[in-house]
Amino acid sequence: RRGPRMDLARFFLAHLLPYEALGMMHLALEEDPALAEESAFNLMMGAAQTLAARPAQAHPHLNRPDLKNSPDAAVWQTIVEVALNNWPGARISMPRGRAVIGNYPVRIQAEFNIAAAQAMVELNDFGMANAILAEIEPSLISSVQAARYDLLRGRVADASGRSLEALTAFDLVARTDDRPRAAEATYRALRIRHRDGELTTDQT
């Protein structure tokens, strides 16, 4: 039954249903433990764990020696490394992932590009971050992705001396329901206004 279970897991993964895919893969692994050593199985397991927002569990599956040169593994590696705040690791995997990201669903393309842009921002490579952000179509991303996108857009604009553009982006994020990022955006906007003389120290 290994074949049908893995076929079903691929179907679930293609439709961005990670928990169902993981269920099928765990059943297949129980029946055939040798699967654990196969590159394709580990790539799928890493992708499913990433989609399920479990980067720590995804990491060992994607960082096996046999997947070192895999562009598809690099797509998920980039997202995982950023989720784990490993910016240099994301910088290493990103170029390989960029070679194939166009083959993925729009949601995954956006997730990869936002992650890649964040890694570049955290490494102070604002030119590269700006180029990556320009590849994202804002109308096609989720509200959660939009908050991350606008926050990064604001940080790039601020670093480039475009205060008004940065404030517009930060104010957008501050009005979202994403509380951690709204708080960060509010703080960054206050810092710009204080720096540019719009607010006194007492007002901030």
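Phe170 is located in helix 10 (residues 163–174), where helices (H or I, at least four residues) are DSSP runs numbered from the N terminus. The model is predicted, so local features are reported only at pLDDT of at least 70 and side-chain atom pairs only at pLDDT 80 or more, whereas totals for chains, interfaces and linings use all residues. Residues are numbered from 1 along each chain as its sequence is written, and side-chain values use heavy atoms, with hydrogens and water left out.

With a relative accessible area of 1%, Phe170 is buried; buried denotes under 20% relative accessible area, exposed over 50%, and partly exposed the range in between (1.4 Å probe, protein chains only). Not counting residues up to four places away in sequence, Phe170 touches Leu151, Gly154, Arg155, Ala185, Arg188, Ala189 and Ile192, a contact being heavy atoms within 4.5 Å. The C-alpha atoms of Phe170 and Ala183 are 9.8 Å apart, and the two residues are separated by 13 residues in sequence.

The largest nonpolar core contains 48 residues, of which Met25, Val75 and Trp76 touch the most other members. Such a core is a set of buried Ala, Val, Leu, Ile, Met, Phe, Trp, Tyr and Cys residues joined through side-chain atoms within 4.5 Å. Helix 7 (residues 106–122) supplies the largest share of this core, 10 residues. Apart from it lies another core of 10 residues, including Ala157, Leu167, Val173 and Ala185. With residues up to four places away in sequence not counted, the contacts of Val75 are Gly97, Val100, Ile101, Tyr104, Ile108 and Phe112.

Two helix pairs were examined for packing. Two packed helices are described by the angle between their axes and the distance between the axes. Axes are lines fitted to C-alpha atoms, for helices over the stretch in contact, and angles run from 0 to 180 degrees between N-to-C directions. Helix 2 (residues 18–31) packs against helix 3 at an angle of about 145°, with an axis separation of 9 Å. The crossing of helix 2 and helix 3 is left-handed, meaning that the near helix is turned anticlockwise from the far one by less than a right angle (right-handed if clockwise). Helix 2 contributes Pro18, Ala21, Leu22, Met25, His26 and Leu29 to the contact, and helix 3 contributes Phe41, Met44, Met45, Ala48, Gln49 and Leu51. These residues comprise 10 nonpolar, two polar and no charged, with Ala, Val, Leu, Ile, Met, Phe, Trp, Tyr, Cys and Pro counted as nonpolar, Asp, Glu, Lys and Arg as charged, and the others, Gly among them, as polar.

Helix 3 (residues 39–51) and helix 4 (residues 55–62) pack at about 160°, their axes lying 8 Å apart. Helix 3 and helix 4 are therefore roughly antiparallel (over 145 degrees; under 35 is roughly parallel, 65 to 115 roughly perpendicular and the rest oblique). Helix 3 passes helix 4 in a left-handed crossing. In this contact, Asn42, Leu43, Met45, Gly46, Ala47, Gln49 and Thr50 of helix 3 meet Gln57, Ala58, His61 and Leu62 of helix 4.

Ala53, in the loop between helix 3 and helix 4, has a positive phi near 60° although it is a residue other than glycine, and is exposed at a relative accessible area of 63%. Asn124 lies in the loop between helix 7 and helix 8 (126–133); this non-glycine residue has a positive phi of about 65° and is exposed, at 56% relative accessibility. Asn86, in the loop between helix 5 (71–83) and helix 6 (87–98), is partly exposed at 30% relative accessibility. Asn86 and Ala119 are 33 residues apart in sequence, with a C-alpha to C-alpha distance of 8.1 Å.

Note on methods: Helices (H or I, at least four residues) and strands (E, at least two) are DSSP runs, numbered from the N terminus.
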